[in-house]
Each structure stands twice: as structure tokens, then as C-alpha cells.
Amino acid sequence: MDRYFVRRADFSKDIDDLRDFFNRVFEPEKVGEFASNLMRHFPGMNGDLWFVAEERDSGDIAAACALLPWRWRMGKIRLKVAEMGIVGTGEAHRHRGLMRRLHSELMDTVRRESYHLVVIQGIPGFYDRLGFRFALPLCSHIEMPLHGIPGEPPLGVSVRSATVDDIPFLMEEDELFGSSNFVSALRGPEVWRYLLNEGQLTEYGSDFLVIEAPTGRRSYARISRQGFGKGLIVSEVGERMSHEMAVGFMNYCLRLAEEREKPYVRLDLHPDAPMSRLAIASGASSEDTYAWQVSIPDVKRLLTAMVPILEDRISCGVFEGYTGRVRLDFFDDSLDLVWINGKLEDIRAGDDGECDAHFFIHKELFPALCLGHRTWRELRANRPDVFPALSNVGPRTGRLGDFTGTFIDELFPRKRSWVYEQY
């Protein structure tokens with residue numbers, strides 16, 4: 001008999017057991033308190049979204065994880081995103097394939113509920129076995145030494161704590177941030193209420209601040225109470241922060257860092273964000289970002305959702321009004337994009353028929369391409385099996401007429417993206 005069985009959580013009896021389990025797995029971090037908070041308070045959370053591997057004889061929890069539902073923006077469209085989060089296996093039950101079984105159960109839910117993406121913020125070297133690939137920037141280290149921050153704030157710049165009354169303003173800031181990034185989080189009022197209320201009850205809570213200038217201009221920022229590294233972590237900054245407001249906010253960070261005995265201020269922001277560029281120009285050091293690990297459960301479903309974006313890109317470029325067939329070949333299978341007068345009229349399974357453009361890419365690399373994290377040419381630098389067909393394997397006389405590479409350039413350009421947390 002199988003030593004373990006997999007089930008969904010029953011919140012009427014499992015919350016405390018899961019809290020204790022995650023606290024043991026992640027000791028000394030209080031991940032269990034965070035998990036319990038999510039189970040009790042996070043919007044839309046229920047036991048069917050928590051997956052438990054239980055040992056039959058003892059009844060003990062051996063492994064568990066959650067499907068944390070998100071809404072993300074991608075340009076003009078909205079994506080349904082599942083995060084595989086709060087992932088843990090008890091020490092005595094490791095190397096038994098339990099996480100693979102939990103992942104399989106989670107993916108059944110993902111397909112049944114028509115999620116567009118599955119993502120994880122996990123450690124490197126493990127989740128690629130489950131089909132995840134690095135495909136969106138995550139976690140930046142822009143470190144400002146305290147001596148580089150002005151000791152006096154500009155006159156009239158004020159910093160105060162955000163309240164639930166600020167939620168309409170914070171949602172406006174999210175909308176502005178979304179217009180500056182191809183992919184970003186879509187946080188509704190219920191998520192903001194969680195962040196400002198129940199989300200404050202664990203050590204993973206954050207300080208949300210509103211920064212105001214004498215002119216009446218406002219912006220906001222988020223400072224994490226806990227995180228990786230020794231610095232004071234600024235994990236969100238609004239796009240409308242003027243230079244004067246930024247100086248006032250950094251002075252606030254200086255005083256808070258000294259109070260909390262932090263040796264520097266770390267901006268966990270996109271390197272191209274206005275606040276990041278200001279800090280780097282002022283002497284902050286910057287390292288390469290880590291990345292979200294992403295899996296696309298159904299490529300056709302995602303591309304179908306992206307049709308308005310893809311059509312806009314073609315309408316603005318050299319292929320305006322294009323009619324023809326473009327094949328995305330993933331080696332094991334393929335998809336044909338059927339265009340008529342610049343409109344993407346159909347996405348169908350590829351065949352051996354004629355096509356105008358034929359592009360090869362392994363499906364494992366496609367998330368980084370279609371999410372704008374890397375261009376196909378950047379991916380090709382390490383993977384020569386990313387290529388336009390005629391330009392690489394066709395007769396030399398046909399290469400000049402092969403527009404595949406240029407078409408893919410237009411269809412999937414590199415874009416700035418950043419996802420602010422929802423908990």
C-alpha cells in the first residue's frame with residue numbers, strides 16, 4: 001500500500017496543523033504563522049487551494065503547498081495566474097516524490113480552472129524538474145549606503161502611514177504602474193484591504209507609506225519588515241515620485257534604517273524604475289535581478305488571450321495588414337497563427353502544410369519569449385536550437401526572403417515588467 005495519500009485541506013480542522021507543520025519545516029522563520037494568516041484572511045482562499053500529502057499510518061502531514069490565486073495585467077488584457085506557494089516537505093519525508101505528486105494535483109486544478117500561467121518564487125535547481133523556467137524579473141538588489149542619503153529632508157515633504165481610506169489612491173498608483181510595465185499585478189480593493197489590515201499581523205507585514213509634496217502631488221512606498229539580507233528593504237515605490245519627494249522619502253528611510261540598525265537601504269525594484277535610476281545615479285550599487293519561475297499550462301490558451309496585444313504589435317510595424325500563416329514549432333508539437341489583413345483569425349495545431357514563416361523554439365523557453373523577458377536572439381545566444389527555419393536550415397537562395405526572424409521580433413519584443421506582491 002502507498003505510504004502516503006494526497007488530499008485537499010479541510011480548514012475546519014487543518015489550519016492549526018498546517019501552521020505547526022510549516023513552522024517546523026522553515027524554523028526559525030515563522031512561515032506557519034504566515035500560512036495560517038493566508039488561510040484565514042486572504043481573499044478567495046479556501047481549502048481546495050491547499051494540497052496536503054498525509055502519511056497513512058500516523059496521520060501526520062508529510063508535505064504541503066498552496067495555489068495562491070493572482071490577477072496579472074499584460075498590457076490591455078488580464079491573466080489568471082496561479083502561484084505555487086508555501087511549499088514544504090517534512091525532513092523525514094523528503095526524496096520520496098511528494099512534491100511532484102502535489103504539483104500534479106495543483107496542475108489538475110490549474111487546467112480545470114483555466115489559469116493562463118503558473119508561477120513560483122522558489123529556489124533554483126529544483127522547480128525546473130516540474131516544468132518551471134525563469135521568465136520574469138524578480139528581486140533586485142539596488143543598495144544605497146546610508147552615507148549617500150541626505151541628512152535633512154526637503155521642506156514641506158511629508159511621509160505618513162497609509163490607511164484603508166487611501167485604497168482608491170493606491171489602486172490609481174497600481175494602474176499607473178501597470179501602464180509602465182508589460183506584466184504587473186492587478187490588486188483589487190479586497191487585496192489592498194488585506195495588505196493594510198490582516199496582512200500586518202505577521203512578521204512578513206510591511207509599512208505602507210504615502211509621500212506628499214507641498215504642491216499636493218502624492219506617491220506611495222512599501223517597506224518590508226523582514227526579508228533577505230541585512231538592509232532596509234523598500235519593496236514598492238510609486239511611479240509619480242518627484243525628485244524632491246524621493247529625497248524626502250530616502251531621508252525617512254535613513255532615519256528608519258538607523259533606528260532598526262540596518263547598514264544600508266536596499267531597493268527591491270525594477271532597475272529601470274524612476275526611483276532605481278535616481279538611486280543608481282546617486283551612488284547605489286546594483287546587481288542583476290533574480291527571476292520568477294513560470295510554467296504555461298496551455299500555450300494556445302495564453303496566445304488566444306494575447307490576441308489584442310499581438311494584433312496591435314503587427315499593426316504598428318512593417319507587417320501591417322499581413323495575411324498568411326506563421327508557425328511556432330515546439331519540436332514535439334506546433335501552433336499555426338493564421339493572419340488575415342493584420343488580424344489573428346485563428347490559432348490552430350500546426351501540420352506539414354505550407355507556411356510563410358516557421359520559427360523553432362523549445363516550449364521550455366517560450367515563457368521567457370512571450371512574456372517579454374528575453375528576445376529570441378538573446379535566447380539563441382545560449383540555445384542554438386532557437387531559430388527561424390529557412391535562415392538556418394533552408395537553401396541559401398531562400399534565406400533572403402525568410403522574414404521569420406523579423407516577424408518574431410515584432411510579435412515578441414523585450415518589455416519591462418515587474419510584479420508587486422499581493423501579501
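Biologist: Is C253 buried or exposed?
Modeller: C253 counts as buried, because its relative accessibility is 0%; buried means under 20% relative accessible area, exposed over 50% and partly exposed in between, with a 1.4 Å probe and protein chains only. This is a predicted model, in which local features need pLDDT of at least 70, side-chain atom pairs count only at pLDDT 80 or more, and totals for chains, interfaces and linings use all residues. Residues are numbered from 1 along each chain as its sequence is written, and side-chain values use heavy atoms, with hydrogens and water left out.
Biologist: How many disulfides are there?
Modeller: The count is zero, where a disulfide is a pair of cysteine sulfur atoms within 2.5 Å.
Biologist: Turning to the fold, how many helices and strands has the chain?
Modeller: There are 14 helices and 20 strands, taken as DSSP runs numbered from the N terminus (helices H or I, at least four residues; strands E, at least two).
Biologist: What is the radius of gyration?
Modeller: The value is 24 Å, close to the 22 Å that the globule rule gives for 423 residues, so the chain is as compact as a globular protein of that length. The radius is taken over C-alpha atoms, and the rule is 2.2 Å times the number of residues to the power 0.38.
Biologist: What share of the residues is buried?
Modeller: Of the 423 residues in the chain, 52% count as buried.
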